[in-house]
Amino acid sequence: MDITPRLRKFRISSAPKRQSQQRGLSRKSHTKSRGGCQACKSSRVKCDEIRPSCRRCCQRRTLCVYGDPHAAYSQASSEDHEPVWPGHVNNCLNPNGSWLPGGISPTPKSIYLLRHIDGCLDATLTSEVGKEIFNQFLLPNCASTPMLHNALLALSARHLQHLQPASTEYQKACWFHTQTATRLLREELAQHPTALSKLDTVYATALLLNMISFASQERSPYRSWVFQPTAAARVNNLSWLSVQCGLGYLARIMQQNPQQGFWRLKNERQKRLALEAPPATPQDLPLSQTLRCALEDLCDVTTSSLPDNNPYYMPLSVIAPMLQQHESNAHGTSSLLSFGPKISAAYRNLLLERDERALLLLMLWLELLCQADVWWITDRAYQEFLALRRVLSCSADPRVQTILSLCEPSHDRVSVMPFT
């Protein structure tokens, strides 16, 4: 061993060479893929770069975006922009990017958002019949309906904002088109509140605005409405649920004319799926029956209970059939989404007062929604679920604690993380 003065360096002359050097082996070269989609890059997984949608995005039913959509949106022009999502929306455009005669002319940036709508709707709508209605009836005519046109642009921008949270361009576009669609919707309801000729597009616009309102990028349960100190703040932060209640008003108008309008296709399909749904397995029934009985006892729901005399009756009737299912499906998710439109004003007031029974039913609904792998649902449902469970864990009512123990979350997405 040769050691230099002051022990600063040393060299072992007799050390054997590395085995790879002795054999003349070299490490296999690796070429980093730079053409993968945004979703795969964010997940740090290899992308197969299949266009228009890679295999991972197809399996996850998410929008597959190649390149930098933020830069493409900022630099969009009617001359050099190529369609990203060819489909029904592009059929509404002439080769030069303008609308067919009779429609309105969008800006170049709006064209970029429009060409994302096909993929956006595929990742947003939870049922195949809903996609069929939009593709067959709504998208071909959206140019002639400004409120629906702006709602679609807002949803497209909100989805791109979800994929690129750091982009302020998408946030601004979503805000602008949401405000425009909301204003036009209010004007339409004020002039023709029950006009059957436009009721379908009015409902579609309200449905899209509901999805935009429900979507959230909040990562802290402590920012939930339930922790707000004043009633006014709770009302403002619970607006995502109030928007759903507006859908209930429109749904009741549509139910008065069930044979008119293309949304009847969705009701007919859902009824058929409900009849075809497999029965619950024996191992599911005991827990679901025990939990349901505990909820009925807590909420004073009896055989004589009705929506008019018990504000807990309708929320419980929506979530009870789902308690026995371990995993959600498209039909189950669509049924769960009827929770907001069906609840009464009395139940909403109980929520704002932080009534424990009302909070518990809302928590169970959000827990069930967490099982739906849909971009505009899961983030909001998960954070609000955590917040409500935290509040209810401090309840002094032993019946509430018993129900919390019965519905201990088992799904990976709904694991209760500690509050620090």
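Which residues does Ala215 touch, not counting residues up to four places away in sequence? Select Ala215 together with Arg158, Trp375, Trp376 and Arg380, which are the residues it touches; contact here means heavy atoms within 4.5 Å.

Before going further, note that this is a predicted model, in which local features need pLDDT of at least 70, side-chain atom pairs count only at pLDDT 80 or more, and totals for chains, interfaces and linings use all residues. Residues are numbered from 1 along each chain as its sequence is written, and side-chain values use heavy atoms, with hydrogens and water left out.

**The whole chain**

Display the entire chain and colour it by secondary structure. There are 21 helices and two strands; both are DSSP runs numbered from the N terminus, helices being H or I with at least four residues and strands E with at least two. Of the 420 residues, 45% are buried, a term that means under 20% relative accessible area, while exposed means over 50% and partly exposed lies in between (1.4 Å probe, protein chains only). The chain exposes about 23100 Å², and carbon and sulfur atoms supply 51% of that area. Accessible areas come from the Shrake-Rupley method with a 1.4 Å probe, and for residues only the protein chains shown count as cover. Among contacts with a separation of 6 or more, 72% are between residues 24 or more positions apart.

**Around Ala215**

Return to Ala215, in the loop between helix H10 (196–214) and helix H11 (231–237). Is Ala215 buried or exposed? Ala215 is buried, because its relative accessible area is 9%.

**Helices H19 and H20**

Next, select H19 (356–369) and H20 (375–392). How do these helices pack? The angle between them is about 145 degrees and their axes are 8 Å apart; axes are lines fitted to C-alpha atoms, for helices over the stretch in contact, and angles run from 0 to 180 degrees between N-to-C directions. Their crossing is left-handed, a term used if the near helix is turned anticlockwise from the far one by less than a right angle, clockwise being right-handed.

Show side chains at this contact. On the H19 side, the residues are Glu356, Leu359, Leu360, Leu362, Met363, Leu366, Glu367 and Leu369. They meet Ile377, Ala381, Glu384, Phe385, Leu388, Arg389, Val391 and Leu392 of H20. The contact comprises 12 nonpolar residues, no polar ones and four charged ones. In this division, Ala, Val, Leu, Ile, Met, Phe, Trp, Tyr, Cys and Pro count as nonpolar, Asp, Glu, Lys and Arg as charged, and the others, Gly among them, as polar.

From first C-alpha to last, H19 reaches 20 Å, close to the 20 Å expected at 1.5 Å a residue, where the expected span is 1.5 Å times one less than the number of residues.

**Two positive phi angles**

Select Arg354, in the loop between helix H18 (345–352) and H19. Arg354 has a positive phi of about 60 degrees although it is not a glycine, and it is partly exposed at 34% relative accessibility. Asp300, in the loop between helix H14 (285–298) and helix H15 (313–319), also has a positive phi, of about 55 degrees, and is not a glycine. Its relative accessible area of 48% makes Asp300 partly exposed.

Move to Thr201 in helix H10, a buried residue with a relative accessible area of 17%. Not counting residues up to four places away in sequence, Thr201 touches Leu138, Thr145 and Met147. Then select Pro146 in helix H8 (residues 146–163), partly exposed at 37% relative accessibility. Pro146 and Thr205 are 59 residues apart in sequence and 9.9 Å apart in space, C-alpha to C-alpha.

Finish at helix H6 (residues 117–124), which is largely enclosed by the rest of the structure because seven of its eight residues are buried. One of these buried residues is Ala123. Its C-alpha atom is separated by 9.7 Å from that of Cys58, 65 residues away along the chain. Cys58 lies in helix H3 (residues 55–60) and is partly exposed, at 48% relative accessibility.
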